[in-house]
Every structure is written in structure tokens, then in C-alpha cells.
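Biologist: Before the discussion begins, may the sequence and the structure be displayed for reference?

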Amino acid sequence: MRTRITWGRVLAWVVLWFFVLATVLPFYWMLRTALSDNHALAAQSFSLLPADLTFGPFERVLGLATPEEAMAEGGSGASLSFWLYLRNSLVVATAVTVGQVLFSSMAAYAFSRLTWPGRDVWFGVFLGALLVPPIFTALPNFLTIKSLGLLNTLPGIMLPSLFMTPFAIFFMRQFFLGIPKEIDEAAMIDGAQPWRIFFRIILPISAAPVTTLGILTFINTWNDYFWPLLVGQTEESKVLTVALGVFRSQTPQGAPDWAGLMAASLVAALPIVILYAVFGRRVINSIGFSGIK
Amino acid sequence: MTATATPAVKATTATAVARRPRTQLWPALGMIAPAALGFLVFYLYPTLRGAYLSLTEYNVLGSPVFVGLRNYVDMAQDEVFWNAIRVTLLYVVLNIGFQTVLAVGLAVLMHRLTKSVLIRGSLLLPYLIANVVVALLWYWMLDYNIGIVNAVIDAVGLPKVAFFGDEAWTVATIAGVNTWRHLGYTALLVFAGLQMIPASIYEAAAVDGAGEWRTFWRITLPLLRPVLVLVLVITVTGAFQVFDTVAVTTAGGPGNASRVLQLYIYEQAFARGHFGYASAMSVVLFLILAGAAFAQMRLLRAGESDLS
């Protein structure tokens with residue numbers, strides 16, 4: 001390719017870097033604010049470094065500061081059960097990820113590599129659920145969870161996405177279709193049954209797509225707000241996203257606890273950022289797949 | 001040894017081969033069972049129940065009372081509903097407009113300049129962060145008094161803007177925030193589409209002496225059409241269901257300026273206990289989404305590609 005340096009190319013690079021900086025700098029601003037003292041923020045709204053560097057906001061959020069200290073720093077006196085919300089988010093996201101990936105893979109296997117009457121028709125029906133917008137099923141699902149007596153419980157938050165999503169089945173089926181048919185046939189000649197073939201052969205060689213789907217599912221579940229807001233309202237059942245929304249309105253009269261809010265947001269985003277740092281390439285490469293195929 | 005073993009091996013092979021054409025119905029049903037349970041209980045049943053509830057008056061405490069189409073008649077006369085439709089449409093147009101144009105530009109820049117995973121990775125970062133976190137971050141940066149954006153606006157001598165508090169700005173602000181969140185994701189979708197266009201076409205264009213600009217309008221954009229339809233269907237469907245950002249920042253205000261449809265549905269169901277009415281509105285939202293997807297397919301002639 002031509003790599004002549006032209007004004008057009010320089011300009012193109014400048015524009016591209018503008019986009020990258022506009023994407024990344026707000027995250028720096030979140031960190032900078034989270035390390036600031038609330039009272040100093042107003043006077044130093046321009047300073048690139050934290051205003052009066054302090055770990056106070058993180059201590060407040062994580063419950064390491066006494067209510068008096070928190071109040072003095074401009075936070076609310078009410079203690080946030082941050083560790084509890086963090087645990088809830090972890091439990092929900094992990095359970096949904098394991099359940100959804102396992103059950104959707106099983107179904108995808110039956111939809112791609114087993115022969116049975118009506119297979120493709122039923123796959124079409126399952127896939128049709130992609131067309132139904134989440135809001136449409138959310139209200140009736142709320143009633144179902146309520147009549148199961150699972151309102152304000154973690155299982156109530158998990159159940160609707162624990163067994164399958166149409167996308168997860170579709171995603172796994174695409175990969176299973178690409179595995180040579182001879183592999184199952186050879187195993188069958190050796191006397192292995194479908195269950196055994198699935199768990200011993202197909203699932204292990206699909207480790208890469210399984211991991212990718214797992215990461216995407218974990219991120220989506222971790223970030224979900226609407227459904228947990230409907231179903232998990234008590235202290236015991238709140239997940240981080242819901243708690244963050246409440247945290248904003250919880251601040252007493254006067255200015256919000258900006259530093260505390262940013263610290264809480266950072267802690268809430270941290271697991272995803274770590275996951276992304278480790279598996280970033282996988283996530284990036286999956287984007288084309290989810291949209292185009 | 002071999003002599004005695006051979007018939008046995010032959011026998012098992014023969015039964016296995018004979019068995020293969022038979023259907024594997026039972027194992028298949030077993031493997032589908034959990035997913036089928038989830039599908040029936042949490043997708044199919046709620047879809048039917050939602051449609052039925054939209055024809056009832058239901059406050060969750062008693063049992064639903066069938067009222068026919070009354071919810072829909074009420075809706076037609078509900079000013080707040082029509083306002084919610086207007087606000088949602090305005091949001092969708094602004095958000096999708098900014099997002100699509102910028103994403104195509106960004107994707108073309110990446111495609112022509114670099115394959116860097118680091119750059120693609122940073123652009124995707126906002127998409128991976130919860131809506132709630134993104135909303136709080138921008139609520140802070142756009143704060144009227146001490147937010148960095150207004151500090152900059154003030155420093156260059158312009159009047160400060162109450163981004164979330166001024167009716168004229170609220171919807172555009174929320175659209176802007178969500179554009180920031182989705183830009184990288186949308187750009188990567190387009191980028192994946194660009195990579196499917198054969199390089200030979202570009203080489204031929206270069207040989208013919210076509211410049212970058214002409215190449216983009218005459219080759220890239222037309223060949224990208226099928227991908228753009230998909231991107232639009234995905235992003236428009238998502239945009240119509242905007243909720244998190246509004247709920248965390250303005251909660252629909254000031255006045256009704258940012259009361260989008262999904263927020264109004266949520267309020268009717270859970271704050272006012274009008275579950276039937278809320279269901280009827282979600283039926284309408286469903287129909288709008290289906291109609292929008294259908295229209296996009298038709299308008300952009302999704303099936304046809306100029307490649308072949």
C-alpha cells in the first residue's frame with residue numbers, strides 16, 4: 001500500500017486520535033475526580049490532577065470510613081453496603097453466565113449436530129424470540145417472578161436469562177456447524193452417546209467460542225439495570241448498577257458527593273475493565289460476528 | 001486374537017452404522033429441555049400474556065379485568081403518551097444520526113489507516129461499561145456549576161449550558177452521551193463490514209485514478225449498504241428502548257422534556273399500578289420497532305448486494 005505522507009493522511013490521523021482521546025479521557029476524569037476532595041472540586045474544576053489528592057472517596061464507598069468522616073467529606077452519612085452489592089452482582093453475573101452458556105450450548109448442539117424431526121422449525125421459533133423487545137417481556141416476567149415468590153431475590157434476577165437467550169444459541173450453533181461431521185461419527189462408532197460426545201469432544205474443542213460467549217454474557221449481565229431494578233429492590237437483593245442509581249439520589253441537601261459517585265462508578269466498572277484487559281482481543285473480534293453473520 | 005476379535009468389531013460397527021440414520025430425538029429433547037423451559041416460560045408465555053394484559057385493567061393486586069381496546073383508546077387521548085412518542089423519536093433521530101455518520105467515518109479512518117487492536121480496543125471501552133456508570137460520568141462532566149465541560153465553555157467566553165436542566169438541551173444531551181457510549185461498537189460493526197469488501201476493488205479504483213473521496217462515495221458506501229442495514233436495525237431497536245440514561249440523570253424532566261416511552265411505561269406500571277395500560281404501550285412500542293425494522297429493510301433493499 002502507498003504510505004506517502006500527504007496532508008490528507010496527517011489530517012486523517014489527527015481526526016482518528018481525536019476520537020480515541022475523546023473516548024479515553026472521560027475515564028481519566030472519572031479517576032481524577034474519584035481521588036479528589038469534594039470541597040476542593042469547585043475551586044479546581046479545571047485542574048488535570050486530583051483536587052487535594054485523597055483516598056477518602058474510595059474509603060467512603062467501600063465502607064472503610066465512619067459515617068462522621070463521610071459526612072465531613074461531603075458524603076452521605078448512610079453507610080453503603082457496597083460489598084453486599086458487589087457480591088450480589090458477582091453471584092448473579094456468574095450464575096447467569098454459567099447457566100446460559102451451558103444450556104444454550106446444549107441446545108445449540110441439538111439444533112446443529114443431532115438429527116430429529118422438526119429440528120429446523122423449532123430453531124426458527126427459538127430465534128424468533130430475538131424480535132421481541134426486552135421491555136415487552138419484562139412486565140409479564142415481573143408477574144411470573146412475583147407469583148413464584150421470587151421478588152427481591154437473586155434467583156428472581158437470574159431466572160429469565162439463566163436458561164437461554166436466542167442470541168447465545170445462535171452464536172454457539174454457528175460454531176458447531178463448522179465442526180466436521182466425521183468427529184461425531186467416529187465417536188459414535190466407538191459407542192459414545194450424544195451426551196458423552198457433547199461433553200467430552202464438542203464442548204472441549206469449542207473452548208474459544210464458549211469463552212467469548214461467556215465474557216459477553218458476563219458483561220451484559222453485570223451491566224444490566226432495568227430488570228434488576230424491577231425485581232431486586234431490597235438491600236439484600238440490590239446489584240451494583242441499581243445501587244449506583246440510588247446512590248446518586250441518596251446524597252443530602254446541597255451538592256452531590258461527586259467524588260464518592262465517581263469512586264463508586266469506578267469500583268463498579270473495575271471487574272469489566274479487568275476482564276477486558278485480559279480478554280480484550282476476544283471481545284473485539286467477536287463484534288464483527290455478532291453483527292454481520 | 002485378531003481372528004476372534006474381528007467378528008465382534010464388525011458386529012458393533014454394523015449396528016452403529018445401522019443405527020445412525022435413526023433420529024436422535026430423545027437425546028436432543030434432553031439437551032434442549034433447559035433452554036426450552038426458559039424459552040416457554042420467559043419468552044413465549046410473557047409475549048402472549050403481555051398481549052392479553054394490554055386488553056385488561058390490572059393493578060397487580062387483584063386479577064386482570066378484560067376491558068377490550070379501552071387502554072388503546074385512552075392512549076390516543078393521553079397527552080403524555082404522545083409527548084413520550086415525540087421525545088423518543090427525537091432521541092432516536094439525534095442519537096442514530098450522530099452515531100451512524102460518525103461511526104462510518106471512524107470505521108473508514110481505521111480501515112484506511114491502521115489495524116491497531118489497541119485503538120479498536122480503546123474505542124470499544126465505553127460500550128462495555130454499564131449505562132448507569134456512563135450516565136453518572138457524563139452527569140458529572142456536564143454539571144452546570146463545576147463540570148469540566150462547562151468550565152471549558154466558560155473559559156472560552158461562551159454562556160454556560162444547563163445540559164440536563166434546560167428543556168431545549170436535555171434530549172440532545174442524552175443522545176450525545178449515548179452516542180459516546182455506542183460509537184466504538186457501531187464503528188467496529190461497520191469496520192467488520194469494510195473488511196469484507198475485496199481489496200481488488202479498491203486497487204482497481206486507484207488504478208483508474210479515483211481519489212479517496214470519490215472512492216468512498218462511489219465504492220465504499222454502496223458496497224456497505226447491507227451491513228449498514230444490519231447496523232441500523234440493531235442500533236435503532238436499541239435506541240427506541242432508551243431507559244437507563246434517562247432514569248439515572250433527569251428521570252424524565254425537566255417537565256416531560258425527556259420522558260421517553262420506556263420510562264413512561266415503567267412509571268405507569270410500577271409507580272401508578274396501571275399494568276394493563278403499560279402493557280398496551282409496550283405493544284405499541286413493539287409494533288413501532290417491528291415497523292421500523294421492516295421499513296429499513298425495504299428502504300435500503302437489504303437483500304441485494306452490489307458485490308455480486
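**Helix packing and aromatic pairs**

Modeller: In this predicted model, helix 4 (residues 79-113) of chain B packs with helix 10 (residues 212-223) of chain B at an angle of about 110°, their axes being 13 Å apart.

Biologist: How are helix 4 of chain B and helix 10 of chain B oriented to each other?

Modeller: The angle between them is about 110°. Angles of 65 to 115 degrees count as roughly perpendicular. Helix 4 of chain B and helix 10 of chain B are therefore roughly perpendicular to each other.

Biologist: Which residues in helix 10 of chain B does helix 4 of chain B meet?

Modeller: Helix 4 of chain B contributes Val104(B), Val108(B) and Arg112(B) to the contact. By class, this contact has four nonpolar, one polar and two charged residues.

Biologist: How many residues apart are Trp138(B) and Trp180(B)?

Modeller: A search of the whole structure gives 35 aromatic pairs over all chains. One of them joins Trp138(B) and Trp180(B), edge-to-face, with 5.5 Å centre to centre and 70° between the planes. Trp138(B) lies in helix 6 (residues 131-141) of chain B and Trp180(B) in helix 8 (residues 167-194) of chain B, so that the pair links distant parts of the chain, 42 residues apart.

Biologist: Are Phe111(A) and Trp116(A) buried or exposed?

Modeller: Phe111(A) and Trp116(A) form a tilted aromatic pair, 5.9 Å centre to centre with 35° between the planes. Buried means under 20% relative accessible area. Phe111(A) and Trp116(A) are both buried.

Notes
Residues numbered from 1 in each chain as written. Chains lettered and ligands numbered in written order. Predicted model: local features only at pLDDT ≥ 70, side-chain atom pairs only at ≥ 80, totals over all residues. Heavy atoms only, no water. Axes fitted to C-alpha atoms, helices over the stretch in contact; angles between N-to-C directions. Helix = DSSP H or I, 4+ residues; strand = E, 2+ residues; numbered from the N terminus. Parallel < 35°, antiparallel > 145°, perpendicular 65-115°, else oblique. Contact = heavy atoms within 4.5 Å. Nonpolar A, V, L, I, M, F, W, Y, C, P; charged D, E, K, R; others polar. Phe/Tyr/Trp six-rings, centres within 6.5 Å; stacked < 30°, edge-to-face > 60°. Buried < 20%, exposed > 50% of the residue type's maximum accessible area, 1.4 Å probe, protein only.
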